[in-house]
Amino acid sequence: MKAWILDNQAKINEKPLKLVDEYPTPEPKYGQVRIKVKYCGICRTDLHIAEGDLPLHKRPIILGHEIAGVVDKVGEEVKRINIGDKVGLSWLYRTCNGCKYCISGWENYCPYFISTGWDVNGGFAEYVVAYEEYVFPFNDIPLGLDDLAPMMCPGIASYLAYDLANPKPGDNIGVIGFGPTAYYLLKIANYSGIDVYVSTRSKHHMEVAYENGAKWVGNILKEDFPKKLDAIISFPPVGEIVEKALRNLKHGGVLVLTQIASTPITIKDYSNIWGRTIKTVHNIRRESAYKMLNLAKKIDLSIEKAIFKFEELQDAMILVRRGEVKEMNSVVKID
Ligand SMILES: [Zn+2]
Ligand SMILES: [Zn+2]
């Protein structure tokens, strides 16, 4: 099969990924299905792995964990998924199913968490195999596969971040950095009657935030939020933002950090953190995905996206790295 493989990490503009035609097509094992990948979203995490911010766990590795496609083959004892089903696969490839985190539904903390596109091959290829319990059925969701691919990472992460922030009716929450996860979070909050204050540097993202119901849009690098907030969800992997965000929280407020890596975080003035709580989004869990897919049946969760050809993946990643993709999300189409 055709696949993009990563053997040696390097800055993305040095083009560390290689496109190969003859990568062995995977066969579904016991309990697994094979997905003919139709769309796979490009994530910052793919860049972190390609560039060495995160260590290489497998060599070569096929990146990509925002996968939407159609099942073309099933292994033994597959019961829930059928050939021809539209499905998704996320960063959550598998967990142990036996530890206290797995048993309580917080499998995102499982010490044996296996990540798609990091520990095992991901979706920047024609085919990927996955365990049926970790595959999300899409058959009754009124969205195209191009919109369902980004649901598999930003979509799921947004619900997890929202649940960690845990806003109550009448609360006001802030979002710093307005990428796809923040976009979905705004949609969830609006649906739940929570006002959202958005900070972003991008003029286009400011417009998208307003169009989608943000209460206030500004840039906290230049000004504080207009009021103290009950929770803030922050996306930029920039340590200096943390103290700024904490300063904008009420006492009792929660700051949720969503990034997978960050520059060093320092807090100079203890009064800014006193009385606040910092939480972090660590991996994802299936419950968040099911909540998100359920919401997709009630409200429009389509997202503005740039669609790239499969052969253009590496160039697209370079554009994402430089912040030169105007659209909210970037997706690769695999024919
Ligand atoms: Zn991702
Ligand atoms: Zn576990």
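## Fold and helix packing at a glance

The chain has eight helices and 17 strands, taken as DSSP runs numbered from the N terminus (helices are H or I with at least four residues, strands are E with at least two). This is a predicted model, where local features need pLDDT of at least 70, side-chain atom pairs count only at pLDDT 80 or more, and totals for chains, interfaces and linings use all residues. Residues are numbered from 1 along each chain as its sequence is written, and side-chain values use heavy atoms, leaving out hydrogens and water.

**Overall shape**
- For 335 residues, a compact globule would have a radius of gyration near 20 Å, and the chain agrees at 20 Å (C-alpha atoms; the rule is 2.2 Å times the number of residues to the power 0.38).
- The C-alpha trace spans about 55 × 40 × 40 Å along its principal axes.

**Burial and contacts**
- Of the 335 residues, 58% count as buried (under 20% relative accessible area, 1.4 Å probe, protein chains only).
- Take the contacts (heavy atoms within 4.5 Å) between residues at least 6 apart in sequence: 70% of them join residues at least 24 apart.

**Helices α1 and α8**
- Helix α1 (residues 44-51) packs against helix α8 (residues 313-322) at an angle of about 105°, with the axes 10 Å apart.
- That makes α1 roughly perpendicular to α8 (65 to 115 degrees).
- On the α1 side, R44, D46, L47, A50 and E51 make the contact, meeting M317, V320 and R321 of α8.

Conventions:
Chains lettered and ligands numbered in written order. Axes fitted to C-alpha atoms, helices over the stretch in contact; angles between N-to-C directions. Parallel < 35°, antiparallel > 145°, perpendicular 65-115°, else oblique. Buried < 20%, exposed > 50% of the residue type's maximum accessible area, 1.4 Å probe, protein only.
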